[in-house]
Amino acid sequence: MRLLAIETSCDETSAAVIVDGRAASTVVSSQIKIHAEYGGVVPELATREHLRNLQPVVRETLRRANLEPGKLDAIAATRGPGLPPALMVGWKAAQSMAYALNCPLMSVNHVQGHLYSPWFTGEPPVADWGRFQPNLSLIVSGGHSLLVHVTAPLDHQILGSTLDDAAGECFDKIAKQLGLGYPGGPEVDRLARGGNPSVYSFARPMLNQPNDDFSFSGLKTSVRYFLEKNPELAADNARLPDLCASAQAAIVEVLVKKTIRAAKRERVRCLTLSGGVACNSELRKQLQVVCDKNAFTLRLASPDLCTDNAAMIGLLAEKQFAEGIEPEPIGADIQPGMALTKRL
Ligand code: KG4
Ligand code: ZN
């Protein structure tokens, strides 16, 4: 099967060509530099950039795969969740192509793309469904923090989610308080490598509550109060590594402990990690440590597939198609609030 996938749910314009379970080409055009000036994603600017970039991105993706549009068997696109005007650009383009080429239009849930990305391995990524194991999946991005029990490919159930800020949002807001650029997660990660996580002690929200939910706004506030009380620390660049390492340790400890606890309770022996925050080196390391200790398998999404990309959308769309999930009617609309349902 030859499928073209499009992803425009937030600030990455991306397309991928999938050929028989393999991402033959993927192009990602990131808007990070444009939004950095504003300290966060500006939906109007994101939409304008998607409109400007989508056509060249699709053309380049097809060129790299050496494929004419007429040879495509299906089109797939992210239908939600995401920023409505940004989603609209990719979804409408996919609809138009499916209509013009008279081929099926597959709708993909963006969060499901992240959820299954640890099963897309290698360079270029190939779907590795053959090695699928029931698992407990932690999805942590700028918009989501979810614990999901995945019993079979495309069969999953949400156990917990964040009650307020997502883990990535928490990284970004703490970074802003420390005067670092946007997105702050990678900067906090980088600085933390040279710091001591035990120097400052920040809140571990909901760590000991008997549920699978997260809350990160309290941690962000605890860092803010601390900096207000100790303004000399915030102004001292030499303290940044210890501050970053200490704040990061609080986020990582909550994520790792709640994930492993849920895995034991659900009696699964495999953990997966995905989403933008899955790039975090300490989170990857700590999850590996607990998995080794408990003899669990750990599948980490590869860094290229952690941040938003169309390869994960296309590889999942192909699986949906193979499993008999119906294509969408050509006039179907976007679903900005699309939930990560048990089964699409
Ligand atoms: O998945 P993603 O690209 O977009 C969403 O769907 O939200 O995730 C972006 C988020 C941002 O909050 C960014 O700061 C965070 O992922 N992030 C990181 C790291 N790399 C990206 N957070 C912590 N450590 C990192 N290395
Ligand atoms: Zn995402």
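**View 1. Residues Cys170, Lys173, Ile174 and Gln177 of helix α5 meet Leu219, Lys220, Val223, Arg224 and Leu227 of helix α7.** The model shown in this and the following views is predicted. Sorted by class, the residues in the contact of α5 with α7 comprise 5 nonpolar, 1 polar and 3 charged. Helix α5 spans residues 167–177, and its axis comes within 9 Å of that of α7, with a crossing angle of roughly 10°. Since angles under 35 degrees count as roughly parallel, α5 is therefore described as roughly parallel to α7.

**View 2. Helices α7 and α9 cross at roughly 155°.** Helix α7 covers residues 217–229 and helix α9 covers residues 240–266; their axes come within 11 Å. An angle over 145 degrees counts as roughly antiparallel, and the two helices are therefore roughly antiparallel to each other. The handedness of the crossing of α7 and α9 is right-handed. On the α7 side, the contact involves Leu219, Val223, Phe226 and Leu227, which meet Leu243, Ala247, Ala250 and Ile251 of α9. The contact of α7 with α9 has 8 nonpolar residues, with no polar and no charged ones.

**View 3. Helices α5 and α9 pack at an angle of about 170°.** The axes of α5 and α9 are 11 Å apart. This angle makes α5 roughly antiparallel to α9. From α5, Ala167, Cys170, Phe171 and Ile174 take part in the contact, and from α9, Ala247, Gln248, Ile251 and Leu255. By class, the contact of α5 with α9 contains 7 nonpolar residues and 1 polar residue, but no charged residues.

**View 4. The zinc ion (ligand 2) has His110, His114 and Asp308 as its protein donors.** The donor atoms are NE2 of His110, NE2 of His114 and OD of Asp308, which lie 2.1 to 2.2 Å from the zinc ion. The site of the zinc ion is irregular, with angles of 93 to 140° among its 4 donor atoms. Along the chain, the donors follow the spacing H-x3-H-x193-D.

**View 5. Glycine 80 and proline 81 are joined by a cis peptide bond.** For this bond, omega is about -10°. Proline 81 is located in the loop between β4 (74–80) and α3 (84–101).

**View 6. A cis peptide bond leads from glutamate 123 to proline 124.** The omega value of this bond is near 0°. Proline 124 is found in the loop between β6 (120–121) and β7 (126–127).

**View 7. Asparagine 102 has a positive phi.** The phi angle of asparagine 102 is about 55°, although this residue is not a glycine. Asparagine 102 is placed in the loop between α3 and β5 (105–109).

Technical notes
Residues are numbered from 1 along each chain as its sequence is written. Chains are lettered from A and ligands numbered from 1 in the order in which they are written. This is a predicted model: local features need pLDDT of at least 70, side-chain atom pairs count only at pLDDT 80 or more; totals for chains, interfaces and linings use all residues. Side-chain values use heavy atoms; hydrogens and water are left out. Axes are lines fitted to C-alpha atoms, for helices over the stretch in contact, and angles run from 0 to 180 degrees between N-to-C directions. Helices (H or I, at least four residues) and strands (E, at least two) are DSSP runs, numbered from the N terminus. Angles under 35 degrees count as roughly parallel, over 145 as roughly antiparallel, 65 to 115 as roughly perpendicular and the rest as oblique. A crossing is left-handed if the near helix is turned anticlockwise from the far one by less than a right angle, and right-handed if clockwise. Contact means heavy atoms within 4.5 Å. Ala, Val, Leu, Ile, Met, Phe, Trp, Tyr, Cys and Pro count as nonpolar, Asp, Glu, Lys and Arg as charged, and the others, Gly among them, as polar. Donors are N, O and S atoms within 2.8 Å of the metal (3.2 Å for Na, K and Ca); water is not among the atoms, so sites may look incomplete. Four donors count as tetrahedral if all angles lie between 85 and 135 degrees; four count as square planar and six as octahedral if opposite donors are over 155 degrees apart and all others between 65 and 115; anything else is irregular.
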